[in-house]
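Me: I am new to this structure. Could you walk me through how to read its features?

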Amino acid sequence: QLQLVESGGSLVQPGGSLRLSCAASGGTLDYYTIAWFRQAPGKEREGVSDISLRDGLRDYATYADSEKGRFTISRDAAKNTVYLRINSLKPEDPAVYYCAAKRDPIATLQASEYADWGPGTQVTASA
């Protein structure tokens, strides 16, 4: 079982940017698909992006259609960490952001497919 801890959530001005981190322990990310989800109060949890290592050589990333262009997911194998950069913060972006892992390279943003979850990090928009 992979242990995940998110960080980087903060108070951000509309239009601003931030980078979230997901640090993993208990296994190497090379064998997992890591995804970012978010959940705002009163709303369902939604997937925003995932990343996996394909053919043992390159990272493969997918994004929710609504977030293409503003969100960038990346992976640092040496640090066993996945990042999510959010640019041009919009009113719908504030939420608790979670990272999750599953032990196969199949891309999906279905939360039910992921077995391991971090506790989340809060992104809040400043006035």
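Reply: Start with contact: it means heavy atoms within 4.5 Å. Not counting residues up to four places away in sequence, Leu11 touches Thr124, Ala125 and Ser126. This is a predicted model: local features need pLDDT of at least 70, side-chain atom pairs count only at pLDDT 80 or more, and totals for chains, interfaces and linings use all residues. Residues are numbered from 1 along each chain as its sequence is written, and side-chain values use heavy atoms, with hydrogens and water left out.

Me: In which strand does Leu11 lie? Is Leu11 buried or exposed?

Reply: Strands (E, at least two residues) are DSSP runs, numbered from the N terminus, as are helices (H or I, at least four). Leu11 lies in strand β2, residues 11-12. Buried means under 20% relative accessible area, exposed over 50%, and partly exposed in between, with a 1.4 Å probe and protein chains only. Leu11 has 60% relative accessibility, so it counts as exposed.

Me: How many disulfides does a search of the whole structure find?

Reply: A disulfide is a covalent bond between the sulfur atoms of two cysteines. Here the test is a pair of cysteine sulfur atoms within 2.5 Å. The search finds one. It joins Cys22 to Cys99, with S to S at 2.1 Å. The pair links distant parts of the chain, 77 residues apart: Cys22 is in strand β3 (residues 18-25) and Cys99 in strand β9 (residues 95-102). The link is right-handed, with 70° about the S-S bond. Cys22 is buried at 1%. Cys99 is buried too, at 0%.

Me: Which residues have the most contacts inside the largest nonpolar core?

Reply: In soluble globular proteins, nonpolar side chains tend to be buried together. A nonpolar core is a set of buried Ala, Val, Leu, Ile, Met, Phe, Trp, Tyr and Cys residues joined through side-chain atoms within 4.5 Å. The largest one has 25 residues, and Ile34, Trp36, Leu84 and Tyr97 have the most contacts inside it. Two or more residues each come from β3, β4 (33-39), β5 (46-54), β7 (71-76), β8 (81-86) and β9. Take Ile34: beyond its neighbours within four places in sequence, its contacts include Cys22, Cys99, Leu29 and Val82.

Me: What is the strand order in the open sheet of four strands?

Reply: Two strands pair if DSSP finds at least two bridges between them. The order is β1-β3-β8-β7, with antiparallel pairing. β1 (3-7) and β7 stand at the edges, each with a single partner strand, so one side of each has no neighbour in the sheet. The twist averages 20° from one strand to the next. Six bridges join β7 to β8. Asp76 stands opposite Thr81 in β8.

Me: Is Ser21 buried or exposed?

Reply: Ser21 is in strand β3. It is buried, with a relative accessible area of 15%. Leaving aside neighbours within four places in sequence, its contacts include Val5, Trp36 and Thr81.

Me: With which side chain does the side chain of Asp59 make a polar contact?

Reply: A polar contact is a pair of N or O atoms within 3.5 Å; within protein, one must be able to donate a hydrogen and the other to accept it, and residues adjacent in sequence count only if both atoms are side-chain atoms. The partner is the side chain of Arg75, at 2.8 Å. Asp59 is found in strand β6, residues 58-63. It is partly exposed, at 34%.

Methods
Axes are lines fitted to C-alpha atoms, for helices over the stretch in contact, and angles run from 0 to 180 degrees between N-to-C directions.
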